[in-house]
Amino acid sequence: MSFRRGVVRQSKFRHVFAQAWKAEHCIDDVRVSRVTGDSPLCAVNPKFIAIIIEAGGGGAFLVVPISKSGRIDQSCPTVCGHAAPVLDIQWSPHDDSIIASASEDCTVKVWQIPDGGLTSPMTEPIVTLEGHSKRVGILAWHPTAFNILLTAGCDNVICVWNVGTGELVYQLSDAHPDLIYSVSWNKDGSAVCTVCKDKALRVIDPRRGTILKVKEKVHDGTRPMRAVFLSDGKILTTGFSRMSERQLALWDTKDLSEPMAVQEMDTSNGVLLPFYDPDTNMVYLCGKGDCTIRYFEVTDESPYVHFLSLYSSKEPQRGAGFLSKRGVDVNKCEIARFYKLHERKVEPISMTVPRKSDLFQGDLYPDTAGLEPALLADEWIAGQDAPPLLVSLSGGYTAHPSKHRDTLRSKPQLVSQDSGTAAAPPSAGSVAAPTSASATKETEEEVPQPRVATRETDGNTERPKREV
(Lines give C-alpha, C1' and ligand atoms only; values in the text may rest on other atoms or scores of the structure.)
Protein backbone atom coordinates (compact mmCIF):
# COMPACT_ATOMS: atom_id res chain seq x y z
CA MET A 1 0.00 0.00 0.00
CA SER A 2 2.84 2.38 0.80
CA PHE A 3 4.38 1.58 -2.59
CA ARG A 4 1.12 2.47 -4.28
CA ARG A 5 0.92 5.79 -2.46
CA GLY A 6 4.37 6.61 -3.74
CA VAL A 7 3.42 5.92 -7.35
CA VAL A 8 -0.08 7.38 -7.56
CA ARG A 9 -0.49 11.01 -6.65
CA GLN A 10 -3.29 11.46 -4.14
CA SER A 11 -5.84 14.03 -5.29
CA LYS A 12 -9.61 14.25 -5.13
CA PHE A 13 -9.62 15.78 -8.63
CA ARG A 14 -7.76 12.99 -10.40
CA HIS A 15 -11.01 11.49 -11.68
CA VAL A 16 -12.81 14.66 -12.77
CA PHE A 17 -14.68 13.91 -15.97
CA ALA A 18 -16.44 16.12 -18.49
CA GLN A 19 -19.92 15.48 -19.81
CA ALA A 20 -21.66 17.45 -22.56
CA TRP A 21 -25.34 18.16 -22.00
CA LYS A 22 -27.94 16.61 -24.26
CA ALA A 23 -28.90 18.35 -27.49
CA GLU A 24 -32.30 19.48 -26.18
CA HIS A 25 -30.58 21.53 -23.45
CA CYS A 26 -28.26 23.40 -25.82
CA ILE A 27 -28.99 26.83 -27.27
CA ASP A 28 -29.43 26.71 -31.04
CA ASP A 29 -29.41 29.22 -33.91
CA VAL A 30 -26.93 31.58 -32.26
CA ARG A 31 -24.94 33.50 -34.88
CA VAL A 32 -21.63 33.51 -33.01
CA SER A 33 -19.37 36.39 -34.00
CA ARG A 34 -16.67 35.79 -36.62
CA VAL A 35 -14.57 38.71 -35.43
CA THR A 36 -10.84 38.03 -35.50
CA GLY A 37 -9.01 37.87 -32.19
CA ASP A 38 -8.67 35.57 -29.25
CA SER A 39 -11.57 36.65 -27.05
CA PRO A 40 -13.65 33.81 -25.57
CA LEU A 41 -16.74 35.57 -27.09
CA CYS A 42 -18.88 34.42 -24.16
CA ALA A 43 -19.42 35.40 -20.51
CA VAL A 44 -21.55 33.47 -18.00
CA ASN A 45 -22.76 34.07 -14.45
CA PRO A 46 -25.42 32.33 -12.32
CA LYS A 47 -28.20 34.40 -13.96
CA PHE A 48 -27.31 35.02 -17.61
CA ILE A 49 -25.32 33.85 -20.62
CA ALA A 50 -23.91 36.58 -22.87
CA ILE A 51 -22.59 35.78 -26.36
CA ILE A 52 -21.03 38.13 -28.90
CA ILE A 53 -22.93 37.65 -32.16
CA GLU A 54 -22.77 38.73 -35.78
CA ALA A 55 -24.48 42.07 -36.33
CA GLY A 56 -24.77 44.22 -39.41
CA GLY A 57 -23.88 47.88 -39.11
CA GLY A 58 -22.45 47.76 -35.59
CA GLY A 59 -21.72 45.48 -32.69
CA ALA A 60 -24.12 43.42 -30.61
CA PHE A 61 -24.22 40.67 -28.05
CA LEU A 62 -27.00 38.36 -26.97
CA VAL A 63 -28.05 37.99 -23.31
CA VAL A 64 -30.39 35.14 -22.30
CA PRO A 65 -31.24 33.59 -18.91
CA ILE A 66 -28.98 30.72 -17.96
CA SER A 67 -31.98 28.36 -17.94
CA LYS A 68 -32.66 29.08 -21.62
CA SER A 69 -32.51 26.17 -24.04
CA GLY A 70 -33.69 25.50 -27.56
CA ARG A 71 -33.77 27.76 -30.59
CA ILE A 72 -33.04 31.49 -30.38
CA ASP A 73 -35.45 33.40 -32.58
CA GLN A 74 -33.90 35.82 -35.05
CA SER A 75 -36.04 38.60 -33.56
CA CYS A 76 -34.67 37.97 -30.06
CA PRO A 77 -33.60 41.36 -28.57
CA THR A 78 -29.89 42.07 -28.18
CA VAL A 79 -27.61 44.65 -26.59
CA CYS A 80 -26.72 46.68 -29.66
CA GLY A 81 -25.39 50.09 -28.66
CA HIS A 82 -21.89 49.86 -30.17
CA ALA A 83 -21.05 51.40 -33.54
CA ALA A 84 -18.54 48.65 -34.42
CA PRO A 85 -18.08 44.95 -33.57
CA VAL A 86 -17.91 43.96 -29.89
CA LEU A 87 -14.58 42.33 -28.98
CA ASP A 88 -14.95 41.38 -25.31
CA ILE A 89 -17.67 41.13 -22.65
CA GLN A 90 -17.34 40.57 -18.89
CA TRP A 91 -19.92 40.30 -16.11
CA SER A 92 -19.32 42.24 -12.92
CA PRO A 93 -18.25 39.92 -10.09
CA HIS A 94 -20.35 41.96 -7.64
CA ASP A 95 -23.63 42.32 -9.52
CA ASP A 96 -25.02 39.59 -11.74
CA SER A 97 -27.01 42.12 -13.80
CA ILE A 98 -24.08 44.38 -14.77
CA ILE A 99 -22.01 43.61 -17.87
CA ALA A 100 -19.25 45.57 -19.60
CA SER A 101 -18.53 45.40 -23.32
CA ALA A 102 -15.47 46.54 -25.29
CA SER A 103 -15.59 47.36 -28.97
CA GLU A 104 -13.75 48.33 -32.11
CA ASP A 105 -15.42 51.75 -31.79
CA CYS A 106 -12.79 52.59 -29.09
CA THR A 107 -15.36 52.70 -26.29
CA VAL A 108 -16.32 50.55 -23.33
CA LYS A 109 -19.97 50.51 -22.32
CA VAL A 110 -21.52 49.19 -19.11
CA TRP A 111 -25.06 47.81 -19.22
CA GLN A 112 -27.66 46.79 -16.65
CA ILE A 113 -29.70 43.78 -17.75
CA PRO A 114 -33.26 43.50 -16.35
CA ASP A 115 -33.82 40.55 -14.03
CA GLY A 116 -35.98 38.61 -16.46
CA GLY A 117 -33.70 39.28 -19.41
CA LEU A 118 -34.17 41.59 -22.37
CA THR A 119 -37.67 42.30 -23.70
CA SER A 120 -36.57 44.88 -26.28
CA PRO A 121 -33.25 45.83 -27.91
CA MET A 122 -30.98 47.69 -25.49
CA THR A 123 -29.13 50.65 -26.99
CA GLU A 124 -28.57 52.92 -23.98
CA PRO A 125 -25.80 51.92 -21.53
CA ILE A 126 -25.71 53.16 -17.96
CA VAL A 127 -22.23 54.54 -18.62
CA THR A 128 -19.87 54.92 -21.59
CA LEU A 129 -16.11 54.98 -20.94
CA GLU A 130 -14.11 56.89 -23.56
CA GLY A 131 -10.36 57.12 -23.23
CA HIS A 132 -8.77 54.76 -25.73
CA SER A 133 -7.62 55.97 -29.14
CA LYS A 134 -7.83 52.53 -30.81
CA ARG A 135 -10.08 49.50 -30.49
CA VAL A 136 -10.51 48.02 -27.01
CA GLY A 137 -10.08 44.27 -26.76
CA ILE A 138 -9.57 43.45 -23.07
CA LEU A 139 -11.79 43.91 -20.00
CA ALA A 140 -11.04 42.87 -16.40
CA TRP A 141 -13.20 43.74 -13.40
CA HIS A 142 -11.45 44.21 -10.08
CA PRO A 143 -11.99 41.03 -8.02
CA THR A 144 -12.70 42.71 -4.67
CA ALA A 145 -13.35 46.45 -5.18
CA PHE A 146 -16.79 47.58 -6.31
CA ASN A 147 -17.10 49.29 -9.72
CA ILE A 148 -13.39 49.21 -10.64
CA LEU A 149 -12.87 48.13 -14.25
CA LEU A 150 -9.59 47.72 -16.14
CA THR A 151 -9.50 48.05 -19.92
CA ALA A 152 -6.69 47.56 -22.45
CA GLY A 153 -6.71 48.59 -26.09
CA CYS A 154 -4.72 48.33 -29.28
CA ASP A 155 -3.20 51.70 -28.39
CA ASN A 156 -1.03 49.73 -25.88
CA VAL A 157 -2.65 51.67 -23.03
CA ILE A 158 -4.17 50.28 -19.83
CA CYS A 159 -6.98 52.32 -18.25
CA VAL A 160 -8.53 51.80 -14.83
CA TRP A 161 -12.03 53.26 -14.43
CA ASN A 162 -14.40 54.00 -11.59
CA VAL A 163 -17.58 52.82 -13.30
CA GLY A 164 -19.78 54.38 -10.62
CA THR A 165 -18.64 57.89 -11.58
CA GLY A 166 -17.48 57.16 -15.13
CA GLU A 167 -14.07 58.71 -14.49
CA LEU A 168 -10.67 57.47 -15.60
CA VAL A 169 -8.69 57.06 -12.36
CA TYR A 170 -5.42 55.55 -13.66
CA GLN A 171 -3.80 55.38 -17.08
CA LEU A 172 -0.66 53.42 -17.96
CA SER A 173 0.45 54.59 -21.37
CA ASP A 174 4.17 53.79 -21.36
CA ALA A 175 4.29 50.35 -19.68
CA HIS A 176 3.92 48.37 -22.93
CA PRO A 177 5.80 49.03 -26.18
CA ASP A 178 3.53 46.76 -28.22
CA LEU A 179 0.10 45.10 -28.33
CA ILE A 180 -1.19 43.80 -24.98
CA TYR A 181 -2.38 40.19 -25.19
CA SER A 182 -3.95 39.68 -21.78
CA VAL A 183 -4.38 41.23 -18.33
CA SER A 184 -5.18 39.45 -15.05
CA TRP A 185 -5.68 40.79 -11.50
CA ASN A 186 -4.14 39.03 -8.52
CA LYS A 187 -6.32 37.70 -5.69
CA ASP A 188 -6.69 40.94 -3.72
CA GLY A 189 -6.49 43.26 -6.71
CA SER A 190 -3.27 44.99 -5.64
CA ALA A 191 -1.44 44.14 -8.90
CA VAL A 192 -2.01 42.91 -12.44
CA CYS A 193 0.05 40.68 -14.68
CA THR A 194 0.20 41.33 -18.41
CA VAL A 195 1.72 39.66 -21.46
CA CYS A 196 2.61 41.67 -24.53
CA LYS A 197 3.64 41.16 -28.14
CA ASP A 198 7.26 41.82 -27.08
CA LYS A 199 7.06 38.35 -25.35
CA ALA A 200 7.51 39.86 -21.87
CA LEU A 201 5.54 39.10 -18.72
CA ARG A 202 5.03 42.15 -16.48
CA VAL A 203 3.69 42.50 -12.96
CA ILE A 204 2.32 46.02 -12.55
CA ASP A 205 0.96 48.10 -9.68
CA PRO A 206 -1.79 50.03 -11.50
CA ARG A 207 -2.25 52.62 -8.76
CA ARG A 208 1.39 53.68 -8.71
CA GLY A 209 1.83 53.02 -12.40
CA THR A 210 5.05 51.11 -11.69
CA ILE A 211 6.30 47.86 -13.18
CA LEU A 212 7.17 45.59 -10.26
CA LYS A 213 8.63 42.63 -12.21
CA VAL A 214 9.53 41.86 -15.81
CA LYS A 215 10.43 38.58 -17.43
CA GLU A 216 11.61 38.76 -21.04
CA LYS A 217 10.82 35.95 -23.48
CA VAL A 218 8.30 34.03 -21.41
CA HIS A 219 7.62 31.90 -24.48
CA ASP A 220 9.90 31.94 -27.51
CA GLY A 221 7.17 31.65 -30.13
CA THR A 222 5.76 34.67 -31.97
CA ARG A 223 2.08 33.81 -31.54
CA PRO A 224 -0.12 35.38 -28.82
CA MET A 225 0.26 34.44 -25.16
CA ARG A 226 -2.00 34.45 -22.12
CA ALA A 227 -1.26 34.90 -18.42
CA VAL A 228 -3.39 34.43 -15.31
CA PHE A 229 -2.62 35.14 -11.64
CA LEU A 230 -3.14 32.16 -9.33
CA SER A 231 -4.49 32.60 -5.82
CA ASP A 232 -1.09 31.93 -4.18
CA GLY A 233 0.61 34.67 -6.19
CA LYS A 234 2.13 32.45 -8.88
CA ILE A 235 1.45 33.17 -12.56
CA LEU A 236 0.46 30.63 -15.19
CA THR A 237 1.16 31.45 -18.83
CA THR A 238 0.27 29.81 -22.13
CA GLY A 239 2.14 30.43 -25.37
CA PHE A 240 4.22 28.83 -28.11
CA SER A 241 7.75 27.47 -28.29
CA ARG A 242 10.24 28.34 -31.01
CA MET A 243 9.07 25.24 -32.87
CA SER A 244 5.41 26.44 -32.62
CA GLU A 245 4.48 23.87 -29.99
CA ARG A 246 1.86 25.07 -27.53
CA GLN A 247 3.22 25.49 -24.01
CA LEU A 248 2.02 25.94 -20.46
CA ALA A 249 4.41 27.48 -17.91
CA LEU A 250 4.22 28.25 -14.18
CA TRP A 251 6.14 31.19 -12.72
CA ASP A 252 6.98 32.22 -9.17
CA THR A 253 6.69 36.01 -8.91
CA LYS A 254 9.47 36.05 -6.29
CA ASP A 255 11.92 34.71 -8.86
CA LEU A 256 11.05 34.99 -12.54
CA SER A 257 14.49 33.89 -13.78
CA GLU A 258 13.31 30.35 -14.58
CA PRO A 259 9.83 28.82 -14.79
CA MET A 260 8.81 26.40 -12.04
CA ALA A 261 7.32 24.08 -14.65
CA VAL A 262 6.88 23.92 -18.42
CA GLN A 263 4.64 21.51 -20.31
CA GLU A 264 4.47 21.19 -24.07
CA MET A 265 1.23 20.07 -25.60
CA ASP A 266 0.86 19.95 -29.38
CA THR A 267 1.39 21.99 -32.54
CA SER A 268 -2.10 23.41 -33.08
CA ASN A 269 -2.49 27.03 -34.09
CA GLY A 270 -5.16 28.12 -31.61
CA VAL A 271 -4.21 30.28 -28.64
CA LEU A 272 -4.82 28.41 -25.37
CA LEU A 273 -7.23 30.38 -23.18
CA PRO A 274 -6.66 29.57 -19.49
CA PHE A 275 -9.68 29.45 -17.17
CA TYR A 276 -8.60 29.28 -13.53
CA ASP A 277 -10.66 28.03 -10.59
CA PRO A 278 -9.10 29.36 -7.35
CA ASP A 279 -11.22 27.08 -5.14
CA THR A 280 -9.90 23.81 -6.57
CA ASN A 281 -6.64 25.26 -7.96
CA MET A 282 -7.45 23.76 -11.33
CA VAL A 283 -6.72 25.31 -14.72
CA TYR A 284 -8.74 24.52 -17.82
CA LEU A 285 -7.13 25.19 -21.20
CA CYS A 286 -9.49 25.82 -24.08
CA GLY A 287 -8.13 26.70 -27.52
CA LYS A 288 -10.07 28.39 -30.29
CA GLY A 289 -10.51 25.92 -33.14
CA ASP A 290 -9.70 22.99 -30.85
CA CYS A 291 -11.99 20.05 -30.21
CA THR A 292 -10.53 19.52 -26.75
CA ILE A 293 -10.47 21.03 -23.26
CA ARG A 294 -7.46 20.07 -21.15
CA TYR A 295 -7.48 20.44 -17.40
CA PHE A 296 -4.65 20.53 -14.88
CA GLU A 297 -4.23 20.77 -11.13
CA VAL A 298 -1.63 23.15 -9.71
CA THR A 299 -0.06 22.04 -6.41
CA ASP A 300 2.94 22.84 -4.21
CA GLU A 301 4.67 19.55 -5.01
CA SER A 302 6.88 18.93 -8.03
CA PRO A 303 6.18 18.98 -10.97
CA TYR A 304 3.64 21.57 -9.70
CA VAL A 305 1.36 21.36 -12.76
CA HIS A 306 -0.33 17.96 -12.99
CA PHE A 307 -2.25 16.96 -16.10
CA LEU A 308 -5.61 15.46 -15.11
CA SER A 309 -7.51 14.65 -18.26
CA LEU A 310 -8.78 15.85 -21.60
CA TYR A 311 -12.31 16.34 -22.87
CA SER A 312 -12.59 15.69 -26.58
CA SER A 313 -15.47 16.14 -29.00
CA LYS A 314 -16.00 16.14 -32.75
CA GLU A 315 -16.85 19.83 -33.15
CA PRO A 316 -14.25 22.61 -32.80
CA GLN A 317 -15.04 25.44 -30.43
CA ARG A 318 -15.33 29.07 -31.49
CA GLY A 319 -15.04 30.24 -27.89
CA ALA A 320 -16.14 29.32 -24.38
CA GLY A 321 -17.77 30.79 -21.29
CA PHE A 322 -16.74 29.70 -17.80
CA LEU A 323 -19.45 29.73 -15.13
CA SER A 324 -18.52 31.21 -11.75
CA LYS A 325 -18.51 28.75 -8.86
CA ARG A 326 -21.68 30.23 -7.38
CA GLY A 327 -23.66 28.81 -10.30
CA VAL A 328 -22.55 25.16 -10.34
CA ASP A 329 -24.86 22.39 -9.17
CA VAL A 330 -23.43 21.15 -5.87
CA ASN A 331 -26.04 18.36 -5.77
CA LYS A 332 -24.31 16.65 -8.69
CA CYS A 333 -20.73 17.31 -7.47
CA GLU A 334 -20.27 19.63 -10.46
CA ILE A 335 -17.10 21.66 -9.86
CA ALA A 336 -17.07 23.64 -13.12
CA ARG A 337 -19.19 24.27 -16.19
CA PHE A 338 -18.25 25.51 -19.64
CA TYR A 339 -20.51 26.90 -22.31
CA LYS A 340 -18.85 25.83 -25.54
CA LEU A 341 -19.58 27.97 -28.60
CA HIS A 342 -20.10 26.19 -31.90
CA GLU A 343 -20.76 27.99 -35.16
CA ARG A 344 -24.52 28.13 -34.50
CA LYS A 345 -24.91 26.53 -31.09
CA VAL A 346 -24.01 26.87 -27.39
CA GLU A 347 -23.33 23.58 -25.61
CA PRO A 348 -22.97 23.28 -21.81
CA ILE A 349 -20.24 20.94 -20.55
CA SER A 350 -20.17 19.90 -16.89
CA MET A 351 -16.99 18.95 -15.03
CA THR A 352 -17.92 16.48 -12.31
CA VAL A 353 -16.15 14.61 -9.49
CA PRO A 354 -17.66 11.11 -9.20
CA ARG A 355 -19.02 10.58 -5.67
CA LYS A 356 -21.52 8.05 -4.40
CA SER A 357 -22.63 10.01 -1.36
CA ASP A 358 -25.70 12.26 -1.52
CA LEU A 359 -24.33 14.50 1.24
CA PHE A 360 -22.90 17.95 0.56
CA GLN A 361 -19.23 17.45 -0.36
CA GLY A 362 -17.52 20.16 1.66
CA ASP A 363 -14.02 19.16 0.50
CA LEU A 364 -14.99 19.90 -3.12
CA TYR A 365 -16.60 23.23 -2.29
CA PRO A 366 -14.54 25.44 -0.01
CA ASP A 367 -15.97 28.88 0.66
CA THR A 368 -15.92 30.88 -2.56
CA ALA A 369 -16.00 34.56 -3.49
CA GLY A 370 -19.49 36.00 -3.06
CA LEU A 371 -21.26 38.99 -4.57
CA GLU A 372 -20.40 41.34 -1.71
CA PRO A 373 -17.36 43.52 -2.58
CA ALA A 374 -14.65 43.75 0.07
CA LEU A 375 -13.91 47.39 -0.78
CA LEU A 376 -15.61 50.38 -2.29
CA ALA A 377 -13.98 52.01 -5.30
CA ASP A 378 -12.80 55.03 -3.31
CA GLU A 379 -11.21 52.79 -0.66
CA TRP A 380 -9.19 50.89 -3.27
CA ILE A 381 -8.18 54.13 -5.00
CA ALA A 382 -7.03 55.43 -1.60
CA GLY A 383 -4.61 52.48 -1.34
CA GLN A 384 -6.51 49.80 0.56
CA ASP A 385 -6.37 46.11 -0.41
CA ALA A 386 -8.57 43.26 0.79
CA PRO A 387 -9.08 39.61 -0.17
CA PRO A 388 -12.50 38.53 -1.51
CA LEU A 389 -15.34 38.07 0.97
CA LEU A 390 -16.19 34.36 0.96
CA VAL A 391 -19.54 32.61 1.19
CA SER A 392 -20.45 28.98 1.73
CA LEU A 393 -21.93 27.00 -1.13
CA SER A 394 -23.82 24.71 1.24
CA GLY A 395 -26.69 27.21 1.06
CA GLY A 396 -27.08 26.22 -2.57
CA TYR A 397 -27.25 22.57 -1.68
CA THR A 398 -30.60 20.75 -1.57
CA ALA A 399 -30.70 17.39 0.18
CA HIS A 400 -31.49 14.67 -2.34
CA PRO A 401 -35.06 13.45 -1.72
CA SER A 402 -34.91 9.69 -1.89
CA LYS A 403 -38.63 9.19 -1.19
CA HIS A 404 -40.50 12.41 -1.93
CA ARG A 405 -39.69 13.28 -5.50
CA ASP A 406 -42.08 16.20 -5.83
CA THR A 407 -40.48 18.12 -2.97
CA LEU A 408 -37.39 18.58 -5.15
CA ARG A 409 -39.44 20.78 -7.46
CA SER A 410 -41.20 22.74 -4.72
CA LYS A 411 -38.14 23.49 -2.59
CA PRO A 412 -36.10 25.38 -5.19
CA GLN A 413 -39.15 27.47 -6.09
CA LEU A 414 -39.49 28.61 -2.50
CA VAL A 415 -35.78 29.28 -2.24
CA SER A 416 -35.78 31.27 -5.47
CA GLN A 417 -38.60 33.44 -4.14
CA ASP A 418 -36.68 34.02 -0.95
CA SER A 419 -33.52 34.86 -2.84
CA GLY A 420 -35.43 37.43 -4.85
CA THR A 421 -36.73 39.19 -1.75
CA ALA A 422 -33.55 38.75 0.24
CA ALA A 423 -31.17 39.92 -2.43
CA ALA A 424 -30.34 43.08 -0.50
CA PRO A 425 -28.21 41.39 2.22
CA PRO A 426 -25.01 40.59 0.34
CA SER A 427 -24.29 37.25 1.90
CA ALA A 428 -27.83 36.02 1.48
CA GLY A 429 -27.96 37.14 -2.12
CA SER A 430 -24.66 35.54 -2.97
CA VAL A 431 -25.43 32.25 -1.28
CA ALA A 432 -28.88 32.10 -2.83
CA ALA A 433 -27.56 32.73 -6.33
CA PRO A 434 -26.58 29.11 -7.08
CA THR A 435 -29.84 27.94 -5.53
CA SER A 436 -31.97 30.16 -7.69
CA ALA A 437 -29.95 29.21 -10.75
CA SER A 438 -30.40 25.53 -10.07
CA ALA A 439 -34.02 26.19 -9.13
CA THR A 440 -34.88 27.58 -12.52
CA LYS A 441 -33.35 24.50 -14.09
CA GLU A 442 -34.96 21.98 -11.79
CA THR A 443 -38.44 23.40 -12.41
CA GLU A 444 -37.98 22.48 -16.05
CA GLU A 445 -38.20 18.73 -15.78
CA GLU A 446 -35.64 18.10 -18.48
CA VAL A 447 -32.65 20.23 -17.63
CA PRO A 448 -31.11 18.03 -14.92
CA GLN A 449 -31.01 15.11 -17.36
CA PRO A 450 -27.54 15.65 -18.79
CA ARG A 451 -26.07 15.95 -15.35
CA VAL A 452 -28.12 13.04 -14.10
CA ALA A 453 -26.62 10.95 -16.86
CA THR A 454 -23.14 11.76 -15.65
CA ARG A 455 -23.90 10.13 -12.32
CA GLU A 456 -25.36 6.85 -13.56
CA THR A 457 -22.27 4.93 -12.58
CA ASP A 458 -22.30 6.22 -9.03
CA GLY A 459 -24.56 3.46 -7.81
CA ASN A 460 -27.45 5.81 -7.12
CA THR A 461 -30.67 4.20 -8.28
CA GLU A 462 -32.83 7.29 -7.91
CA ARG A 463 -31.20 9.50 -10.54
CA PRO A 464 -31.33 7.20 -13.57
CA LYS A 465 -35.07 6.76 -12.96
CA ARG A 466 -35.64 10.45 -13.64
CA GLU A 467 -34.48 9.96 -17.24
CA VAL A 468 -37.16 7.37 -18.01
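# A chat about strands and salt bridges

Guide: Let's start with a sheet: E20, E21, E22 and E23 form an open one of 4 strands, in the order E20-E21-E22-E23, with antiparallel pairing. Keep in mind that this is a predicted model.

Visitor: OK, which strands stand at the edges?

Guide: E20 and E23, the latter covering 261–264. Each has a single partner strand, so one side of each is left without a neighbour in the sheet.

Visitor: And how many degrees does the twist average from one strand to the next?

Guide: The average is 15 degrees.

Visitor: How many bridges join E20 to E21?

Guide: There are 4 bridges between E20 and E21, and the two strands run antiparallel.

Visitor: Switching to salt bridges. How many does a search of the whole structure find?

Guide: The search finds 21. One of them brings together the side chains of Asp290 and Arg246, at 2.7 Å from N to O.

Visitor: Where do Asp290 and Arg246 lie?

Guide: Asp290 is in the loop between strand E25 (282–287) and E26, while Arg246 belongs to strand E22 (residues 246–251). The two parts are 44 residues apart in sequence, so the pair ties them together.

Visitor: Are Asp290 and Arg246 buried or exposed?

Guide: Buried, both Asp290 and Arg246.

Visitor: What about Lys234, which side chain does it meet in a salt bridge?

Guide: That of Asp300, with 3.8 Å from N to O. This pair links distant parts of the chain, 66 residues apart: Lys234 sits in the loop between strand E20 (226–229) and strand E21 (235–240), and Asp300 in the loop between strand E26 (292–298) and strand E27 (305–312).

Visitor: Lys234 first: buried or exposed?

Guide: Lys234 counts as buried because its relative accessibility is 13%, and the cut-off for buried is under 20%. Asp300 is another matter: at 65% relative accessibility, Asp300 counts as exposed.

Visitor: Which residue forms a salt bridge with Asp198?

Guide: Arg202, with the closest N and O atoms 2.6 Å apart. Asp198 is partly exposed, its relative accessible area being 25%, whereas Arg202 counts as buried at 6%.

Visitor: Which residues are linked in a network of salt bridges?

Guide: Asp29, Arg71, Asp73 and Arg344 are linked that way.

Visitor: In which sense do E28 and E29 pair?

Guide: Antiparallel, over 4 bridges. Phe322 stands opposite Phe338 in E29.

Visitor: Last one, His342. Where does it lie?

Guide: His342 is in the loop between strand E29 (334–341) and strand E30 (345–352). With a relative accessible area of 7%, His342 is buried.

Visitor: Which side chain does the His342 side chain make a polar contact with?

Guide: The side chain of Glu347, at 3.0 Å. Leaving aside neighbours within four places in sequence, His342 is in contact with Val32, Glu315, Pro316, Arg318 and Glu347.

How values were computed:
Residues are numbered from 1 along each chain as its sequence is written. This is a predicted model: local features need pLDDT of at least 70, side-chain atom pairs count only at pLDDT 80 or more; totals for chains, interfaces and linings use all residues. Side-chain values use heavy atoms; hydrogens and water are left out. Buried means under 20% relative accessible area, exposed over 50%, partly exposed in between (1.4 Å probe, protein chains only). A polar contact is a pair of N or O atoms within 3.5 Å; within protein, one must be able to donate a hydrogen and the other to accept it, and residues adjacent in sequence count only if both atoms are side-chain atoms. Contact means heavy atoms within 4.5 Å. A salt bridge is a side-chain nitrogen of Lys or Arg within 4 Å of a carboxyl oxygen of Asp or Glu. Two strands pair if DSSP finds at least two bridges between them. Axes are lines fitted to C-alpha atoms, for helices over the stretch in contact, and angles run from 0 to 180 degrees between N-to-C directions.
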